[in-house]
Amino acid sequence: MDKIGVFDFGGQYCHLIARRIRDLGVYAEIIYEPSQEYKGFILSGGPGNISEEEAPQLPEEFFNEVEVPVLGICYGHQMIAQTFGGKVERGREREYGKKTAILENSSSLFKGLNKEEQVWMSHYDQVTILPDDFDVIGSTDICGIAAYQNIHKNIFGVQFHPEVIHTINGTKILKNFLDIIGCKREWKLSQWVEKKIHELQTEIGSNRVIMAVSGGVDSTVAAALLTKAKINAHFIHVDTGLMRLNESEEVAKIFEDLGTENLHIVDAKKRFFKRLEDISDPELKRKIIGNLFIDIFEEESDRLDNFDFLGQGTIYPDRIESAQPSKHASVIKTHHNVGGLPERMKLKLIEPLNELYKDEVRKIGEMLGLPKRYIDRHPFPGPALAIRILGIVTEERVDILRKADAIVTQIIENNGIYDSLWQVFPALIPVKSVGVMGDKRTYEYILTIRAVESVDAMTADWARLDYDVLEEISTKIINKVNGVNRVLYDITSKPPGTIEYE
Ligand code: XMP
């Protein structure tokens, strides 16, 4: 299968580039080293300043050795120009947002585009002098060299972001690049399912697999795939007491519908609350929950006896992010779902979804017959409601939050906006404020509502929810949930705020 390698220089849109290429029917993956196996390369954007010594670079030999087409985007565009002897300098002003670019549509990169196109810009530095043999094929009022090509070497660069939807014809540019390479469109999810089932059967055979299922999309789809492949798999669902309303019951129903009798639900509520007693530090909470989860999983595995494989619902971004935690970004939160278990359990790891993006996982879930409402659910963190209760976690607080969470979800669904949001949820701020209800003074907790729009959770914008919807949420929570007398709306984007509160 033809593949594209997308070099990650720390840009926030790096995964988006790979996803767009896959949507065009060509397999793309994130890379850090060159390799001969790729038919073409895309060099992503990045936060680095090309003139700094530590700025990520590719040596000129790279371009001579690989001999395949290369497209540089933003930082990648500047890096190529500098590598070949051009000049990159700080522009006279920052260029950010929607811009009009004048494009040379006789270039094969811009085939079928208009002379003037809306593009998405986000840069300060820019290429000011091009190397020999490079021609300008695009410009804006601020950026004289917004796109270039070297037709002899099949090298292209764009200062703007074709992968972002605000570059109206961005997908066409990426498609043109695939045409220049001559890539075969061979990446199809339906074929992937058949191939994967066959691979799982060959690799696992009659051996036994154990796997944890949280109720989230990834582990459920991975379990459905193993079930479909008729693998001898046992699934463990740990009820931590920190789950959403009726979550464990829903997991039981899904697995019943999948036709497997091997789901084991462990009631561990008491153990989780005991261990979390008096703990308020967010990272400590995450670690305690992660470790106890592993203990319980191991106990169950011993009880059920004799497994050869450990199944995990790891998806592609999890793998890349956990493999490269400190490469270009600092670790902001410990995501405990990946890692931990495999080293301790000495089982062979099986991760059927580890080359897929979330939207691909969802499509496969649908193909495998999982209910659409279930697979389109918003992401939910492993440590569950515990990291949405700022400070100490008690049963009373979880109970309040769980009820409020169900109300928020219901109202958002009823208003038909669930699918347009990346996530929406309440969090409990353990500070009490004075209110008045039925002529009586109240002194209760504050809840905050977080609703965000995002494409990949790396960045997110706070959602401009309708005032009427916000009012409905606030009124219903205060009327129905004892212990809360005030509801706030969070208007922080990411960055600077993360999506979860802890
Ligand atoms: P943050 O809070 O880092 O979250 O902006 C980004 C996305 O990741 C989810 N999240 C988690 N998912 N285990 C998970 O599986 C975790 O420990 C975890 N913490 C955060 C969060 O809901 C958001 O979608």
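Predicted model: local features only at pLDDT ≥ 70, side-chain atom pairs only at ≥ 80, totals over all residues.
Local features need pLDDT of at least 70 and side-chain atom pairs count only at pLDDT 80 or more, while totals for chains, interfaces and linings use all residues. Residues are numbered from 1 along each chain as its sequence is written, and side-chain values use heavy atoms, leaving out hydrogens and water.

**Exercise 1.** Work out the strand order of the open sheet of five strands.

*Solution.* Start with strand 10 (208–212) and strand 11 (232–239), which pair in the parallel sense over five bridges. (Strands are DSSP runs of E with at least two residues, helices runs of H or I with at least four, numbered from the N terminus; pairing takes at least two DSSP bridges.) One spot to check is Ala212, whose bridge partner in strand 11 is Ile236. Now read across: the order is 12-11-10-13-14, with parallel pairing. Finish at the edges, strand 12 (263–267) and strand 14 (348–350), each pairing on one side only.

**Exercise 2.** Find which element gives the most to the lining of the second largest pocket.

*Solution.* First, the term: on a 1 Å grid over the protein atoms alone, a pocket is an open set of points where a 1.4 Å probe fits, with protein on both sides within 12 Å along at least five of seven lines; lining residues have an atom within 4 Å of a point. Next, look at the 20 lining residues; Arg244, Arg377, Asp405, Ala406 and Thr409 lie nearest the centre. Helix 14 (395–414) and strand 15 (423–437) are the elements giving two or more. Of the elements, helix 14 gives the most, with six residues.
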